Amino acid sequence: VADQWGVLSRRQAIHAGFSEAAIDRRLRRGRWRVLHPGVYLTVDVPATWSQLLVAAQLWGGEGARISHRSAAILWGLSDASTEIVEITTRKRTKRAGIVSHYSTAPAGVLRKGPLFVTTPTTTVIDLASVLDREALEAALYVALRQRLTALPVLRNRIESLGKGCRGVVNLRRVVEEAEGLRGIPESNLEVKFLEFLRYFHLPLPESQYEVFDPEGIFVGRVDFAYPEFKVAIEVDGYRFHSDRHDWVRDRRRLSDLVVAGWRILHVTHADVEQKSVVAATRISELICGRQLSFRNDRR
């Protein structure tokens, strides 16, 4: 029970030596509390999210695993503040407080303490059925940055999915776009900036580009770059340098880039969120040498 944060099933209790009468007596006296049919909390404290995940898994029965958005939180693919309880099970029943998905297909599962959790690759695939494209793209790049999965692995899994699989169209498009990139964006804002460029039909740059001088000496790394034009783009979010040393070092980096012949354009969080035509025009002028020619076909 301690390994499951005070949560256990009726079956586990009997296997541990409790009689049916002893279990019912503890329930009547309030020493144990029912979380789901046949699943109990044995400590007198409010249930935590981790305990609710264990309880949902036990309720789901054999083959149940933590999946989708709950798995994404456990793998660090999402910073969602809502700690949703989401599982995949082999039974079709529903339960209040649990988002359950039915599947009898085998799935990659890894163990995290008492929890059976879908692998990062399977989790990204599952997320395609419950997230919009922007959130799915953000989760994918986190998984790639942390090397929890790889594009060839995802591509192979996608090809094995049926065309009717929910979310597969969005997932295939997001993976194809990731395959076309040079480098991996390092933040959600950088992912949104790529969507900003697609919105205005602008060429995609290289991500996290490292600049070297003609002697091969490292000058600095920029968020995005069009090396053929020596244009660097820094995407500035609502963040602050931890100390003056970091601020000074960043100013020197930008100055060194200018000395090396690079032009630097700053794009703000607001530019990206508001789809700033002014910012898009500046990029177009720097890399295309002309004013932005844009017609929004998205209706």
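Reader: Which residues does E86 touch, not counting those up to four places away in sequence?

Author: In this predicted model, E86 touches R65, I66, S67, H68, R69, S70, V99, H101 and V130, once residues up to four places away in sequence are left aside. E86 itself is found in strand β5, residues 86–89.

Reader: Why is E86 called buried?

Author: The word is used for a relative accessible area under 20%, and E86 has a value of 0%, so E86 is buried.

Reader: Are F18 and W32 buried or partly exposed?

Author: Buried means under 20% and exposed means over 50%, with partly exposed in between. F18, at 28%, therefore counts as partly exposed, whereas W32, at 9%, is buried.

Reader: Why is the pair of Y209 and W262 called tilted?

Author: Planes under 30 degrees apart would be stacked and those over 60 edge-to-face, with the rest tilted. Y209 and W262 lie 5.9 Å apart, centre to centre, with 40° between the planes, so the pair is tilted. Y209 is in strand β9 and W262 in the loop between α10 and β12, 53 residues apart. With a relative accessible area of 22%, Y209 is partly exposed, while W262, at 8%, is buried.

Reader: How do you know that the buried residues of helix α2 are on the same side?

Author: The buried residues of α2, which spans residues 20–28, are A22, I23 and R26. They cover an arc of only 100° around the axis, which puts them on the same side of α2. These buried residues pack against α1 and β3.

Reader: What makes β1 and β2 edge strands?

Author: Three strands form an open, antiparallel sheet in the order β1-β3-β2. β1 and β2 each pair on one side only, and they are the edge strands for that reason. Three bridges join β1 to β3, and V7 has L41 in β3 as its bridge partner.

Methods
Residues are numbered from 1 along each chain as its sequence is written. This is a predicted model: local features need pLDDT of at least 70, side-chain atom pairs count only at pLDDT 80 or more; totals for chains, interfaces and linings use all residues. Side-chain values use heavy atoms; hydrogens and water are left out. Buried means under 20% relative accessible area, exposed over 50%, partly exposed in between (1.4 Å probe, protein chains only). Helices (H or I, at least four residues) and strands (E, at least two) are DSSP runs, numbered from the N terminus. The arc is that of the directions from the helix axis to the C-beta atoms. Contact means heavy atoms within 4.5 Å. Two strands pair if DSSP finds at least two bridges between them. Rings of Phe, Tyr and Trp (its six-membered ring) pair if their centres lie within 6.5 Å; planes under 30 degrees apart count as stacked, over 60 as edge-to-face and the rest as tilted.
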